[in-house]
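This report describes the arrangement of helices and strands in the model shown below, together with selected residues. It is intended to be read alongside the sequence and the structure.

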Amino acid sequence: MIVRNWMRSSPVTVTGELLVSEAKRIIAERNLHALPVVEDGRLRGLLTRSSCLRAASFVARSQSPEEFNFFANRLKVKDLMVRNPATVNASDTMEHCLLQGQQLGIGQFPVLEDGRVVGLISASEIFFLTAQFLGAWEKWSGLTLAPVELQRGTLARIAAIVEGAQAALRALYPIGHDEVPDVSSAPRKRIIVRCVTPDIGAVAQALAAAGFEVLEQSAEVQGNAGVSRGRPKAAAQ
């Protein structure tokens with residue numbers, strides 16, 4: 001999965017001279033998490049929703065007319081933006097982007113290509129990607145297996161057992177559960193099974209009979225109840 005295929009393309013950008021009060025309005029009206037600050041075609045900084053909210057909250061608590069006047073009429077984006085923000089490239093993988101976010105504690109990245117801002121990755125895109133993985137718009141049954149060693153053929157064996165129990169397999173997700181991810185050649189991971197079947201209990205019994213421990217099971221989950229299908233407006237650019 002490449003960043004350019006999941007990012008918000010052609011994001012809204014601002015200059016450092018724009019008033020923070022105006023940038024805050026843009027963020028609120030467009031439901032954005034951040035605004036790249038671009039001047040002369042180059043990224044100069046990043047103004048985040050949280051920094052705007054903190055500044056506005058400070059002014060509200062101070063109840064000072066001078067502070068309010070400064071925030072409304074004088075405070076500029078360049079005074080509040082994150083300078084030299086962390087970025088990702090359009091050709092990077094989403095896995096790299098997620099790892100960077102986790103390691104740096106960052107929730108949004110400007111996306112660069114040839115040194116220019118071409119997109120933005122934020123929580124909206126990450127949630128959409130997660131929803132796609134988990135089948136949020138699909139009707140399915142599922143179960144979770146206790147950690148197993150992922151030798152060659154392990155997933156194929158699980159798939160064969162599921163299909164042999166007359167279920168239509170939709171996905172298998174090996175998920176690490178330890179605080180430190182297991183990156184050995186044969187890691188131990190929980191296995192999440194998504195399938196379509198009228199009897200998830202029969203699938204669980206078949207897996208248990210084959211030596212797999214079933215931790216949990218869910219029957220006929222309707223993932224899209226009350227939710228329209230498709231990308232959120234914030235990600236559909």
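## Helix α2 and the β2-β3-β4 sheet

Helix α2 lies across β2 and β3, and its direction makes an angle of about 50° with that of β3. The model is a predicted one. Strands β2, β3 and β4 form an open sheet of 3 strands, in the order β2-β3-β4 and with antiparallel pairing. The edges are taken by β2 (34–39) and β4 (82–83); each has a single partner strand, so one side of each is left without a neighbour in the sheet.

The antiparallel pairing of β2 with strand β3 (residues 42–48) extends over 6 bridges. One of the positions in this pairing is valine 38, whose bridge partner in β3 is leucine 43. Strands of a sheet pair through backbone hydrogen bonds, in either a parallel or an antiparallel sense.

## Serine 51 in helix α2

Serine 51 belongs to helix α2, which covers residues 49–62. Its relative accessible area is 8%, and since buried means under 20%, serine 51 is classed as buried. The side chain of serine 51 also reaches a backbone atom: the oxygen of threonine 48 lies at 2.8 Å.

## Helix α1 and its buried face

Helix α1 spans residues 20–30, and its buried residues are Val20, Ala23, Ile26 and Ile27. Viewed down the axis of α1, these residues fall within an arc of 115°, so they line one face of the helix. An α-helix has 3.6 residues a turn, so residues three or four places apart point the same way.

The buried residues of α1 pack against strands β2 and β3 and against helices α2, α3 (65–73) and α4 (77–80). On the face of α1 turned away from this buried side are the exposed residues Ala28 and Glu29. Asparagine 31 follows α1 and has a positive phi, near 55°.

Strand β5 runs parallel to strand β6 (residues 109–113), and 2 bridges join them. In this pairing, valine 88 has valine 111 of β6 as its bridge partner.

## Strand β8 and its pairing with β10

Strand β8 covers residues 139–149; 8 of its 11 residues are buried, so the strand is largely enclosed by the rest of the structure. Strand β8 runs antiparallel to strand β10 (residues 188–196), to which 7 bridges join it. Within this pairing, the bridge partner of leucine 145 is isoleucine 191 in β10.

Helix α7 (residues 154–164) has Thr154, Ile158, Ala159, Ile161 and Val162 as buried residues. Seen along the axis of α7, they fall within an arc of 160°, so they line one face of the helix. The elements covering these buried residues include β8, β9 (168–175), β10 and α8. Ala156, Ala160 and Gly164 are exposed on the other side of α7. Just after α7, glutamine 166 adopts a positive phi of about 65°.

Alanine 210 is located in the loop between α8 (200–209) and β11 (214–222). With a relative accessibility of 25%, alanine 210 counts as partly exposed. Beyond its neighbours within four places in sequence, alanine 210 is in contact with Arg157 and Ile161. The C-alpha atoms of alanine 210 and isoleucine 161 are 8.1 Å apart, although the two residues are 49 residues apart in sequence.

## Cysteines and disulfides

How many disulfides does the model contain? With a disulfide taken as a pair of cysteine sulfur atoms within 2.5 Å, the count comes to 0. Cysteine 97 is buried, at 2% relative accessibility. Cysteine 195 is also buried, at 0% relative accessibility.

Key:
Residues are numbered from 1 along each chain as its sequence is written. This is a predicted model: local features need pLDDT of at least 70, side-chain atom pairs count only at pLDDT 80 or more; totals for chains, interfaces and linings use all residues. Side-chain values use heavy atoms; hydrogens and water are left out. Buried means under 20% relative accessible area, exposed over 50%, partly exposed in between (1.4 Å probe, protein chains only). Helices (H or I, at least four residues) and strands (E, at least two) are DSSP runs, numbered from the N terminus. A polar contact is a pair of N or O atoms within 3.5 Å; within protein, one must be able to donate a hydrogen and the other to accept it, and residues adjacent in sequence count only if both atoms are side-chain atoms. Two strands pair if DSSP finds at least two bridges between them. Contact means heavy atoms within 4.5 Å. Axes are lines fitted to C-alpha atoms, for helices over the stretch in contact, and angles run from 0 to 180 degrees between N-to-C directions. The arc is that of the directions from the helix axis to the C-beta atoms.
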